[in-house]
Amino acid sequence: MSELDNDRKFVLKGSLINFLGTGLKIICPILAFLVARFFGAEAFGIYISTQFWVSMVSRVAVLGLDRGLIWYIPQNQVHGRHIYEGIQESLWCSAMFAFVITLVFAIGSHFNLHKLFSGLVSLSSTEITLYILSLVPWVFLHIFAGASEGNRKPQFRVFINDFAVYTMAPVIALSFLWIGYSRYALPLGLFIANTLAAIIYIFFIRKQFPGLSWVPKFKVPRELFIYSIPIGFSEFVVSFLLRVDLWAVLITLGPKSAGVYAIMITISNGLRTISMSFNSILLPIVAKMDSIRLKTDLPNVYSYCVSMTTLIQLGIGFFIVIFPKETLMIAGKSFVSEPEVLGLLLFANIYAGFFGLSGTVLNGIGKSKFLLNINIVSLGLALLMNLLLVPRLGLVGAALSTCGVRFLQGTWMAISLRYQGLWPYKKYLWVQAGWIAVIVGTYTLMNSHIEFSYFIKIPAFSIFVIGLLITLIKQGLLDSKYNRSKKDKIVNL
């Protein structure tokens, strides 16, 4: 079997896993809605904001080594090293760093330093400490997921990192609430969920990498470290970019508005996790490609990933655009506010899904430092736009800031890929571009002054879904032989 055939088989398998994962991930926003309903908008806003903060700190602690392993493990195979080289060292190095950070923040919370931030004034030092305790197991999850993805096992990130953790955390929190212990329910739910997930992961890592020693080692291979550090800083910036609009709302408009916006982010981020899942599939493939295969094979693999990412996002996006109020109503009436903001966040993630995989290719060919520059510029733009727009436009301003950053990043990365002499977008992707135009038009129509009844909305959504399914079948995206070099099968459309 040729390398391209192996890649096709892996991408198809990964796509099916992502399909299943996407279905399971629907449970996560529903559980988040229940948390919001039972704990209230203000508590939910603080919970999501603090959870995002710990998640961002975990990106600092892991030093980019999780993303580095996705690239380094295929390189181990290319250079004849033990396949598990770098895993143990990355795990203990980042875990020790996370432990030090945990101690620093725990001591700081004891002196109430967190109350210097207006949005966290209502949290006690115990609550802050419980939140930061999730940091060490979170780092374990990052490293284990990176190692699995480098070994072409993306299902572990999909089912454990993206699904199990974000399902267990609210379930555990709601269980504490049910037994009458509500004060520390939310941070305890997050900590217990992360810890259980890390323990479960150990079994699968031992099975994937027989011979891997668990004796602590802290000297990360130089090549892995040099590759990972720029990505680590870049991932931190990306993590900050994903949260800065929510924090701007929390500081400027207060916890209640932050709770409403957090629900919208939770929904729209479901689309982002889809593109992230395909990042995990694409990166180890690109990392093993030589200059010849980058010209000949990359367009087939890349365009397939973009096709699948966009179609899945569009299927979810059409429902939310047509039924925004009904979607927000699940969390409660108090969360049904400015539903047009939800549409803007969806567009930002769909655009990033179409062009954002360019960044994965750049990472795969070793251009991690270049992506760091893009993210630094994006950070400056995000801070400026939030500073100017949130006080004036409220939640709409925060969403516009997110759109601006996503458009800048996606466009810049695609142009940069072209500059590298690579343009992996095949002609049939114009169909996906057409569907994006349709959803934009639908959004514009739904937010006009015309009221549409369910007798129009339900058939319209059904037609969209049927159209997407026809596109999926006509483009042969469920066929492992999806190579379209033979006159691009899209002509059949």
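This is a predicted model: local features need pLDDT of at least 70, side-chain atom pairs count only at pLDDT 80 or more; totals for chains, interfaces and linings use all residues.
Reader: Why is Trp-53 called buried?

Author: The relative accessibility of Trp-53 is 19%, and buried means under 20%, so Trp-53 counts as buried.

Reader: Why is Phe-105 called partly exposed?

Author: Phe-105 has a relative accessible area of 31%, and because partly exposed covers the range between under 20% (buried) and over 50% (exposed), Phe-105 is placed in that class.

Reader: How do you know that Trp-53 and Phe-105 form an edge-to-face pair?

Author: Two values are needed here, and each is set against its own cut-off. The ring centres of Trp-53 and Phe-105 are 5.1 Å apart, and rings pair if their centres lie within 6.5 Å; their planes stand at 85°, and planes over 60 degrees apart count as edge-to-face, so the pair is given that name. This pair links distant parts of the chain, since Trp-53 lies in helix α3 and Phe-105 in helix α5, 52 residues apart.

Reader: What makes Phe-144 and Trp-214 an edge-to-face pair?

Author: The same cut-offs apply: the centres of the Phe-144 and Trp-214 rings are 6.1 Å apart, with planes at 75°, and because the limits are within 6.5 Å for centres and over 60 degrees for planes, the pair is edge-to-face. Phe-144 belongs to helix α7, whereas Trp-214 is in the loop between α9 and α10, 70 residues away. Both residues are members of one aromatic cluster, which also includes Trp-92 and Tyr-201.

Reader: Why is Phe-144 called buried, and why is Trp-214 called partly exposed?

Author: Phe-144 has a relative accessible area of 0%, and because buried means under 20%, the name applies to Phe-144. Trp-214, with 24%, falls between the buried limit of 20% and the exposed limit of 50%, so Trp-214 is partly exposed.

Methods:
Residues are numbered from 1 along each chain as its sequence is written. Side-chain values use heavy atoms; hydrogens and water are left out. Rings of Phe, Tyr and Trp (its six-membered ring) pair if their centres lie within 6.5 Å; planes under 30 degrees apart count as stacked, over 60 as edge-to-face and the rest as tilted. Helices (H or I, at least four residues) and strands (E, at least two) are DSSP runs, numbered from the N terminus. Buried means under 20% relative accessible area, exposed over 50%, partly exposed in between (1.4 Å probe, protein chains only).
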